[in-house]
Amino acid sequence: MSEPKKPTLATSMALGGTAAAFAVNFTHPIELVKTRLQVSGGSIGATCSEILSKEGVTAFWKGIPFGYGRELSYTSIKLGAYAPVRDAMGANDPNSPFYLKFAAGALTGGVGSIFGNPFDVMKTLAQTNKGSESLGALVNNLYRDQGAAGFYRGVQVNIMRACVLNATKMGCYDMAKGHVSTATGWDRKDPKTVFASSFIAGFFMTITVAPWDMLRTKLMNQPTDVKLYDGFVDCASKTIKEGGVLSLWRGFVPIWARFAPQATLQLLTIEALYTHLGYKGI
């Protein structure tokens, strides 16, 4: 039996973007709650109740158009380009050093975040907007007050977050697949292997990414006409001074509740697309 062919970089990125755009329909409401918690604190229950009573159920999908833009730019690179970049680095063997897999994840995540940053900024503003301001008005206000540079505020911490996130996600997932397959006898492409491995990756992602996610949200949620923080170091200092070091992990549960299913849905979907089209999986 011949070995499955490897997808080209462009094909793999297209499949990664497709998988991510599908998954975001289900995880966007969780992210909205997580973002509101990071900005204003409170409990998950109180936040959900307030959204339902004051804004209605459709408010959980506020900013979803920007979410699609983010997935088709940022995630198409961080998810879709991972396997081709990993292979180019000579880390395609299951027993390849873990640091090469982490490096491939960090590289694709960091590059992807540069392209996705404008969508991240607008998505964050839309998700924290409790009024009826339109998406177009949000974009116009940001451009009016800060120009094109406003769409790249928080880009430094976003790149760092993306490097840590994707290195953990794809590196842990890639390694977990080998361990799960060896321990259970399941094939690497078996949905059970993919599910278990992506769930493990989602947990470790939350531990490593939560502080960066908190800082990114605060930097991107600044009013368009006011600068609250002078970069991510200033944001981190003020956050720790105000709430202590553990405040960087505020919203841990909803972050994990988003990362675990998001990673699982994205990876299950892209692996299914690879298999359906006759390509080698991750």
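Which side chains does a polar contact of 2.9 Å join? The polar contact in question, defined as a pair of N or O atoms within 3.5 Å, of which, within protein, one must be able to donate a hydrogen and the other to accept it, residues adjacent in sequence counting only if both atoms are side-chain atoms, joins the side chains of N117 and N158 at 2.9 Å. The model is predicted, so that local features need pLDDT of at least 70 and side-chain atom pairs count only at pLDDT 80 or more, whereas totals for chains, interfaces and linings use all residues. Residues are numbered from 1 along each chain as its sequence is written, and side-chain values use heavy atoms, with hydrogens and water left out.

N117 lies in helix α5, residues 98-128, where helices (H or I, at least four residues) and strands (E, at least two) are DSSP runs numbered from the N terminus. With a relative accessible area of 0%, N117 is buried, the term denoting under 20% relative accessible area, as against exposed at over 50% and partly exposed in between (1.4 Å probe, protein chains only). The side chain of N117 also reaches the backbone oxygen of F151, at 3.1 Å. When neighbours within four places in sequence are left aside, N117 is in contact (heavy atoms within 4.5 Å) with F151, Y152, R153, G154, V155, N158 and M220.

A106 is likewise placed in helix α5, and, residues up to four places away in sequence not being counted, A106 touches C163, N166 and A167. The C-alpha atoms of A106 and K169 are separated by 9.5 Å, although these residues stand 63 residues apart along the chain. Helix α7, which comprises the 30 residues 155-184, reaches 41 Å from its first C-alpha to its last, close to the 44 Å expected at 1.5 Å a residue, the expected span being 1.5 Å times one less than the number of residues. After α7 comes G185, whose phi is positive, near 85°.

Two packed helices are described by the angle between their axes and the distance between the axes. Helix α1 (residues 9-40) and helix α3 (residues 64-78) pack at an angle of about 145°, with their axes 8 Å apart; axes are lines fitted to C-alpha atoms, for helices over the stretch in contact, and angles run from 0 to 180 degrees between N-to-C directions. The contact is made by M13, G16, G17, A20, A21, V24, N25 and H28 of α1, together with I64, Y68, E71, L72, T75, S76 and I77 of α3. Within helix α3, I64 counts as buried at 13% relative accessibility, and I64 touches V24 and H28, residues up to four places away in sequence not being counted. Between the C-alpha atoms of I64 and S198, which are 134 residues apart along the chain, the separation is 24 Å.

T224 is placed in the loop between α8 (191-220) and α9 (232-243) and is buried, with a relative accessible area of 17%. Residues up to four places away in sequence again being excluded, T224 touches L125, N141, L142, D145, Q146 and R153. T224 and L138, 86 residues apart in sequence, are 9.0 Å apart in space, C-alpha to C-alpha.
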